[in-house]
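Please look through the structure shown here before reading on.

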Amino acid sequence: VSTLSTWATVSACHILIKHSGSRNPVSRRTGKSTDNISVEQAVAELQGILDNIKSGRADFRAEATRRSDCSSYKVGGDLGQFGRGEMQKPFEDATFALQVNGISDIVHTDSGVHLILRTG
C-alpha cells in the first residue's frame with residue numbers, strides 16, 4: 001500500500017535550476033548554457049530561494065518567473081494539471097506526496113534541481 005496521494009491528477013508550479021549534469025543544459029529563460037553551473041551550486045542557490053520563500057521574504061511564483069530555467073517561468077512556474085507517468089518519477093513522487101499548497105524540499109531529476117509547489 002502506497003503512502004503517496006491517491007489523487008488521479010495534481011497541479012503544481014515549480015522552480016527548475018539546470019546545471020552541467022542536466023539532460024539539456026540550456027536555460028529556457030535565458031537561452032544560455034548551464035554547463036558552468038555545478039550540481040552543488042544549483043542546490044545552494046535553490047536552497048537560498050527556498051529559505052526566502054519559507055521566511056516570507058519571497059513569493060514562490062515570483063521566484064519562478066525570476067529564476068526558473070523551465071519555459072514555465074513565463075507563467076510563474078505553472079505546469080498545470082498532470083497525472084502519474086507524465087513527469088519524471090522523482091518529480092511525480094514528490095508532487096503527489098505534497099499536500100495542496102505544500103512546498104517540496106529540493107528534488108533532483110535528469111532536468112536539474114527543482115522546488116515544487118502543489119497547487120491542486
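A residue is called buried when its relative accessible area is under 20%, exposed when it is over 50%, and partly exposed in between, using a 1.4 Å probe and protein chains only. This is a predicted model, in which local features need pLDDT of at least 70 and side-chain atom pairs count only at pLDDT 80 or more, while totals for chains, interfaces and linings use all residues. Residues are numbered from 1 along each chain as its sequence is written, and side-chain values use heavy atoms, with hydrogens and water left out.

The protein chain contains three helices and four strands. Helices (H or I, at least four residues) and strands (E, at least two) are DSSP runs, numbered from the N terminus. Along the sequence their order is β-α-α-β-α-β-β.

The C-alpha atoms of the protein chain occupy a box of roughly 40 × 30 × 25 Å along the principal axes. The radius of gyration of the protein chain is 14 Å, which agrees with the value near 14 Å for a compact globule of 120 residues. That radius is taken over C-alpha atoms, and the globule rule is 2.2 Å times the number of residues to the power 0.38. Of the 120 residues, 44% count as buried. The accessible surface of the protein chain is about 6,200 Å², and 50% of that belongs to carbon and sulfur atoms; the areas come from the Shrake-Rupley method with a 1.4 Å probe, and for residues only the protein chains shown count as cover.

A contact means heavy atoms within 4.5 Å. Among contacts between residues at least 6 apart in sequence, 59% join residues at least 24 apart.

Helix α3 shows how elements pack. The buried residues of α3 are F91, E92, A94, T95 and F96. These buried residues pack against β1 (9–17), β2 (78–83), β3 and β4 (112–118).

Leaving aside residues up to four places away in sequence, E92 touches G83, R84, G85, E86 and M87. With R84, E92 forms a salt bridge at 3.1 Å, N to O; a salt bridge is a side-chain nitrogen of Lys or Arg within 4 Å of a carboxyl oxygen of Asp or Glu. R84 is partly exposed, at a relative accessible area of 36%.

How many salt bridges does a search of the whole structure find? The search finds eight. In one of them, the side chains of R67 and E45 meet at 2.6 Å, N to O. R67 lies in helix α2 (residues 60–67) and E45 in helix α1 (residues 39–54), so this pair ties together parts that are 22 residues apart in sequence. R67 is buried, with a relative accessible area of 9%, whereas E45 is partly exposed at 30%. The pair belongs to a network of salt bridges that links R29, E45, R67 and D69.

Another salt bridge joins the side chains of E63 and R66, at 2.7 Å, N to O. Both residues lie in helix α2, three residues apart, which is about one turn of the helix. An α-helix has 3.6 residues a turn, so residues three or four places apart point the same way. E63 counts as buried at 13% relative accessibility, and R66 as partly exposed at 45%.

Over the protein chain there are 14 positive and 13 negative side chains, and the centres of the two sets lie 4 Å apart. The place of a charge is taken as NZ of Lys, CZ of Arg, CG of Asp or CD of Glu.

Two residues in a loop remain. N101 is in the loop between α3 and β3 and is exposed, with a relative accessible area of 61%. Phi of N101 is near 75 degrees, a positive value in a residue other than glycine. Most residues other than glycine have a negative phi.

I103 lies in the loop between α3 (89–97) and β3 (107–109). At 28% relative accessibility, I103 counts as partly exposed. Not counting residues up to four places away in sequence, I103 touches L50, I53, F60, L98, I116 and L117.

Note on methods
Lys, Arg positive; Asp, Glu negative; His and termini not counted.
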